[in-house]
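I opened this model to go through its helices and its sheet. My entries follow.

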Amino acid sequence: MSAQAPLSGYTYTYFNVYNPTDGVAHVEINRPKKLNAFSEPVWLEFGRIFTRLSEDENVRAVVLSGSGDRAFTAGLDVQASSEGSQLFTEGPDAARKAKGLRSHIEEFQGCIGAVEKCEKPVIVVLHGIALGLAIDIACCADIRIAASNTRFAVKEVDIGIPADIGTLTRLPKIVGNHSWVKEVCLTARDFSAAEAKEVGFVGSVRESKAAALQAALDMAGLLASKSPVAVQGTKELLNHGRDHATVESLRYTAVWNSVAVQSEDFKKGIVSGLKKTKPTFAKL
């Protein structure tokens, strides 16, 4: 795979943001010496990047990966996060300390959840070590592609807490096998890319990180060529349908598409289908 050009204006401390092809952003976690682990400054920057990508009309699809060969991310940078953390400071009383901690956790949840909230489809490329927070992030992505060497684990019980950034809420809805979900979350055992594919956590497994990343970039390029009205609307409606009853989701879809069918994209799509031509869609 050839070198990728930086995405103009996207300069960050802990992440590289590339523009591999028109309409595609490639976000790379860039802490390879720390196994791409997250501390508070890292997750705050992560949230800002995905919020910005959601609003950027020049971006239509996003790929997320980790730099280096060893890890997508090892999860939380425990050493960095413990330094000056509210967890290890004395508060005036339990209620007041808990209020501060709750705000801290909710901010963390929001930064990682920015991937799910991003209006553009996000394809995550998983490889090597993918522990703890890696599962939270992957659950927020729309499409998950793994290299065959990926080693997954929901590790939080091993540090004395239930997972709190999204895995316990999202993973059961993705997989549907609650027995398996409870097993991996309660035991913190490792599971392979092959097992993740078998239970439906990842959509496909490729032989290497390079192959997985190329597959993600190719898919993102395909998504970027389609109508952004249709692609972004499909993501919104699928996520809404996951979290709401069928009747409510059908009603929401009807309201949503009462606008979408009036777009130029719909007209172009119909005409191109009749004429067997490839349409070009404007920015959204």
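**Helix pair**

I started with helix α5 (residues 167-175) and helix α6 (residues 178-187): their axes come within 9 Å and cross at roughly 145 degrees. Helices here are DSSP runs of H or I with at least four residues, strands are E runs of at least two, and both are numbered from the N terminus. Axes are lines fitted to C-alpha atoms, for helices over the stretch in contact, with angles from 0 to 180 degrees between N-to-C directions.

I then listed the contact (heavy atoms within 4.5 Å). α5 brings T167, L168, L171, P172 and V175, and α6 brings H178, W180, V181 and C185. These divide into seven nonpolar, two polar and no charged. Nonpolar means Ala, Val, Leu, Ile, Met, Phe, Trp, Tyr, Cys and Pro; charged means Asp, Glu, Lys and Arg; the others, Gly among them, are polar.

**Conventions**

I noted that the model is predicted, with local features needing pLDDT of at least 70 and side-chain atom pairs pLDDT 80 or more, while totals for chains, interfaces and linings use all residues. Residues are numbered from 1 along each chain as its sequence is written, and side-chain values use heavy atoms, without hydrogens and water.

**Sheet**

I traced six strands in an open, mixed sheet, ordered β1-β2-β3-β5-β7-β10. Pairing takes at least two DSSP bridges between two strands. β1 (15-18) and β10 (204-206) are the edges; each has a single partner strand, so one side of each lacks a neighbour in the sheet. β2 (residues 24-29) and β3 (residues 61-66) run parallel over six bridges. I found E28 bridged to S65 of β3.
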